[in-house]
Amino acid sequence: MSPQNRAAFLDAAGTPLRIGDAPMPTAGPGEIVIKNAAVAINPLDCHMQDHGVFVQQWPAVFGCDVAGEVYEVGDGVQIFKKGDRVIGHTINLVSGRPQDGGYALYTVVPADKAAILPDAIAFTDGVVVPFALEAAVCALSVKEPGEALPGVAIPNLGLPLPSFDGATKPIGKVLVVNGGSSSVGSMVTQIATAAGIHVITITGAHNVELSKRCGAAQVFDHKSSSVTDEVVEAVKQTGLEFIGIFDAIATTEPYATDLAILEKLGGGHLACSHPPPTEVPENVKAGMIFAINDVATTVWSEYVTRALETGKLLCLPPPTIVGQGLEYINEALARSKAGVSGTKLVVKL
Ligand SMILES: NC(=O)c1ccc[n+]([C@@H]2O[C@H](COP(=O)([O-])OP(=O)(O)OC[C@H]3O[C@@H](n4cnc5c(N)ncnc54)[C@H](OP(=O)(O)O)[C@@H]3O)[C@@H](O)[C@H]2O)c1
């Protein structure tokens, strides 16, 4: 007999999630079903709850990050078997199917957006990785043009994928990450560093050590009145080719800093986690990431597990465990909306 699935349903925008019985999902070709042991909260989930954005089917089940054990393997999936410990990035955002949402006891995940989680890493740590990882790879390595939203281009930095080799070979380029202590900013810092890129970040002063653990060569305080000049000087001193800026925060204040830095450095990429400023100079190539893209497939299959095993990929920012049970997801969403700093909110199941 199948176990009883349960999920956190959104019945209408702006309402609390309702915990209830849900159909038991099955794994289609190329998919796995994960019995979730931990799920993580992302700001996107807050937008989905409050405004119903991206919801295609009511009641909706969302949630992008899961960690747990493989419960079922679909046709054609070679790399996983029942019982494997895994992390996975759900695709409910594009599929709209409730069974693809993470806030449930059992969730369908494409096998090419999952990886074995080493035994030494707790589910509550591993679950901070998936969505941020795919966002980071999308920010750094997409080459082809495309749209994140109608009329909003995706960034095309076309940078190399992270290298598993112990000592990464520098590629002679420098990237600035604004919002380096955020989940996505931390992961962009880690993945860019692992691709041989020199990374300079901007964070809150209390998150300097976190950003350095992610690989940042230098970290500057976003509240410093001279942050623009400090970053510009640091970039110039590297003597490396300036790629541009990844802005994980993408609001008015960091955009002003980004544009001032880009002006002083002669332009470059401005890859953002939200639509970029409407007006940018001609020498600035601005775009918005969309964190579901096949560009990450190789990273999932060849990099994630080995890099987690060796400590090259760290589960950062560290989790804050809000509670155990689907019932805690409402509280976790409320805490996310109140703002987090240098952590990812996680619910154990
Ligand atoms: N387009 C996509 O596909 C995509 C994918 C993933 C995420 N996103 C978006 O990306 C954004 C970041 O997501 P996340 O999960 O990484 O967020 P998060 O971890 O919740 O972000 C929290 C961090 O924001 C930082 N912060 C706030 N204001 C800042 C400022 N003015 N300058 C620098 N840092 C600032 C804080 O840094 P300090 O405490 O150090 O100041 C804090 O550590 C969200 O808006 C999310 O919706 C978009």
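This is a predicted model: local features need pLDDT of at least 70, side-chain atom pairs count only at pLDDT 80 or more; totals for chains, interfaces and linings use all residues.
Which loop holds A250? A250 sits in the loop between β13 and α8 (252–264). Most residues other than glycine have a negative phi, and most peptide bonds are trans. A250 counts as buried because 22 C-beta neighbours lie inside 10 Å, and the cut-off for buried is 20 or more.

F54 belongs to the loop between α1 and β4.

Now step back to the whole chain. The protein has 10 helices and 17 strands. Its radius of gyration is 20 Å, close to the 20 Å that the globule rule gives for 349 residues, so the protein is as compact as a globular protein of that length. Along the principal axes, the C-alpha atoms fill a box of roughly 65 × 45 × 35 Å. Of the 349 residues, 52% count as buried. Take the contacts between residues at least 6 apart in sequence: 69% of them join residues at least 24 apart.

Helix α5 comes next. It runs over residues 183–194 and has 12 residues. From first C-alpha to last it reaches 17 Å, close to the 16 Å expected at 1.5 Å a residue. How many of the residues of α5 are buried? The count is 12 of 12. Among them are S183, G185, M187, Q190 and T193. An α-helix has 3.6 residues a turn, so residues three or four places apart point the same way. After α5 comes G196, with a positive phi near 90 degrees.

Turn to a pair of helices. Helix α1 (residues 43–51) packs against helix α10 (residues 329–338) at an angle of about 105 degrees. Their axes are 9 Å apart. Angles of 65 to 115 degrees count as roughly perpendicular, so that is the term for α1 and α10. On the α1 side, P43, D45, C46 and Q49 take part. They meet L333, S336 and K337 of α10. By class, this contact has 3 nonpolar, 2 polar and 2 charged residues.

Two prolines deserve a look. A cis peptide bond joins W58 and P59, with omega about -5 degrees. P59 lies in the loop between α1 and β4 (65–73). A cis peptide bond also joins L316 and P317, where omega is about 0 degrees. P317 is found in the loop between α9 (297–310) and β16 (319–324).

Last, K113. Is this lysine buried or exposed? K113 is buried, with 23 other C-beta atoms within 10 Å. K113 is placed in the loop between β6 (106–110) and β7 (114–116). Setting aside neighbours within four places in sequence, K113 is in contact with G88, H89, I91, E134 and W300. G268 is 155 residues from K113 along the chain, and their C-alpha atoms are separated by 30 Å.

How values were computed: Residues are numbered from 1 along each chain as its sequence is written. Helices (H or I, at least four residues) and strands (E, at least two) are DSSP runs, numbered from the N terminus. The expected span of a helix is 1.5 Å times one less than its number of residues. The radius of gyration is taken over C-alpha atoms; the globule rule is 2.2 Å times the number of residues to the power 0.38. Two residues are in contact if their C-beta atoms, placed from the backbone, lie within 7 Å. Axes are lines fitted to C-alpha atoms, for helices over the stretch in contact, and angles run from 0 to 180 degrees between N-to-C directions. Angles under 35 degrees count as roughly parallel, over 145 as roughly antiparallel, 65 to 115 as roughly perpendicular and the rest as oblique. Ala, Val, Leu, Ile, Met, Phe, Trp, Tyr, Cys and Pro count as nonpolar, Asp, Glu, Lys and Arg as charged, and the others, Gly among them, as polar.
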